[in-house]
Protein chains: 2
Amino acid sequence: MEKIVECVPNFSEGRRANVVDEIVQAMALPGVKILDREMDANHHRSVITLAGDPAAVEDAVFRGIATAARLIDLEQHRGEHPRIGATDVVPFVPIRGVTMDDCVAMARRLGERVGRELDIPVYLYERAATRPERRDLAYIRRGEYEELKRTIATDPDREPDFGPRRVGSAGAIAIGARPFLIAYNVNLATSDVHIARDIARVVRERGGGLPAVKALGFELKDRGIVQVSMNLTDFHTTGIWQAFNAVQSEAARRGVAVLESEIVGLVPLEALTQLAVQVLKLSALSVNQVVEMKLFGEGARE
Amino acid sequence: MEKIVECVPNFSEGRRANVVDEIVQAMALPGVKILDREMDANHHRSVITLAGDPAAVEDAVFRGIATAARLIDLEQHRGEHPRIGATDVVPFVPIRGVTMDDCVAMARRLGERVGRELDIPVYLYERAATRPERRDLAYIRRGEYEELKRTIATDPDREPDFGPRRVGSAGAIAIGARPFLIAYNVNLATSDVHIARDIARVVRERGGGLPAVKALGFELKDRGIVQVSMNLTDFHTTGIWQAFNAVQSEAARRGVAVLESEIVGLVPLEALTQLAVQVLKLSALSVNQVVEMKLFGEGARE
């Protein structure tokens, strides 16, 4: 398995487990691994993480989209999470032996096929976007399914990249490409949530801080401490070490110590070799120097 | 492939490639991967790295030993590297889902089989040793093949753990178990090799420094700098980050900066997650949180 793409389709079904089962079943093709599956009843949404051979993943997601379109009716769907479609968002993420451009090409090819074969409008987003404002998923999803349904035929800003200028009960889909997202939190030894919020504002890109970093400050009430919760949306731009250091030095300026940090969920091996290179001043460290990669990965020989 | 053992047999043949080919061929069993193969003509020695399913690796190494015994004659062997046998050393290294005790059991089982079926004396060493002094490979190999041949029948210290109290043309073998060895070098911004040697003496276990660290100071003449070259013989005891810090602070005390460092060859994923936990103050980081492990490793689902 030389080339690996990850895909994290979000489906607007978080309550009927049998529906999610059927969608996941449809995506279980040879060459594809289902890495994770999360259902949220309040959001009324499921997030499936799959990965594997690019062509197989692309085909699997098409089948998932077709199944969701058959089983989910947006007219009946109410949940906390914003959505425009039965399959709501489909991001392709390069993992190994695949470039961002490859993932953009996958997004476009899948989008064209969904429009043509399933008659569902498709908006390309993030790195696959065809208009600058569509890089932002929130812009595409403004007003959700209900507003899109009213305006898609007439509003020039609502013209889809592929598919018809009308929505049926399956709604529309945002399909795109983006880097791997690392969820990274730093806990601080204070109960003052304003300090966490302050630091979040300073370190995040939106506040002129670190590029490709989103951040929010939270209180962890049960522990009497606070947390700077970050999304590193492109660790090649800002890595875990830089994010940690930025929070630590902002905390120190405020007389607060870092208690600990945590990587939530998955992290690509390359983010760990990057960290090692930075902290140890390594001249280089290839992921192929990692024993497990020699055994399982691209460089493995029988 | 849930359980993985690495084995790094050393053979006393570094000149005839066809002999090494035949040994490697004999070890190429299903479930075993040949990760690396190094021949050194001056040392007259080859080092083969294989890994995979424990039972398959154990069987593969037995076949390699049998082949080496048939093709290599210690009476004809002269090289720079000390040796006692055609197959000279066989260390088993736990990589995944396998304990050090499992590797000790493998060493003993293989040793018993080699003694019984091949009539070759076997000395258990390192973690598999049955006498304290035999933990040290150099002790077992003192005087090499030539001295062992003279003394094995009469010297009580030379009594093998398995096999006959006499050596044939295949000599004897040290079989053992040890942790993964990380080769790690730190380069310093000075041309004074005494500083590197000084620091090596201070940081290594033998000098009362860091446990499970061997270190030497070298001059890198072509670059006009010096290097502290380390073997981390058990990274669970002393990890890369501690080794780096010890050298850096000793260098700083001498007014010398660290230029860079390098991990030579392979490194286990766990040594990188350990590093991340230490520098980021992570509460935890499992190797199963690494994307590639979800795809290839134990936790992978089809």
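Local features need pLDDT of at least 70, side-chain atom pairs count only at pLDDT 80 or more, and totals for chains, interfaces and linings use all residues. Residues are numbered from 1 along each chain as its sequence is written, and chains are lettered from A and ligands numbered from 1 in the order in which they are written.

**Confidence**
- In residues 298-302 of chain A the pLDDT falls below 50. Beyond near neighbours in sequence, that stretch has 12 contacts in the model.
- Where pLDDT is low, the predicted coordinates should not be read in detail.
- For the complex, the predictor gives an ipTM of 0.83 and a pTM of 0.83.

**Interface**
- Chain A puts 40 residues in contact with 40 residues of chain B. Contact means C-beta atoms, placed from the backbone, within 7 Å.
- On the chain A side, β3 (32-40), α7 (240-253), β11 (258-264), α8 (269-280) and α9 (291-296) each supply at least two residues.
- Helices (H or I, at least four residues) and strands (E, at least two) are DSSP runs, numbered from the N terminus.
- α8(A) gives the most to this side, with 7 residues.
- By class, the side has 26 nonpolar, 6 polar and 8 charged residues. Ala, Val, Leu, Ile, Met, Phe, Trp, Tyr, Cys and Pro count as nonpolar, Asp, Glu, Lys and Arg as charged, and the others, Gly among them, as polar.
- The copies meet through the same surface, because 100% of the interface residues of chain A are also interface residues in chain B.

**Domains**
- Chain A is assigned domain 1 (4-177) and domain 2 (182-267), with bounds from an automatic or database domain assignment.
- Their C-alpha centres lie 30 Å apart.

Definitions and conventions
Two residues are in contact if their C-beta atoms, placed from the backbone, lie within 7 Å. pLDDT is the predictor's confidence in each residue, from 0 to 100.
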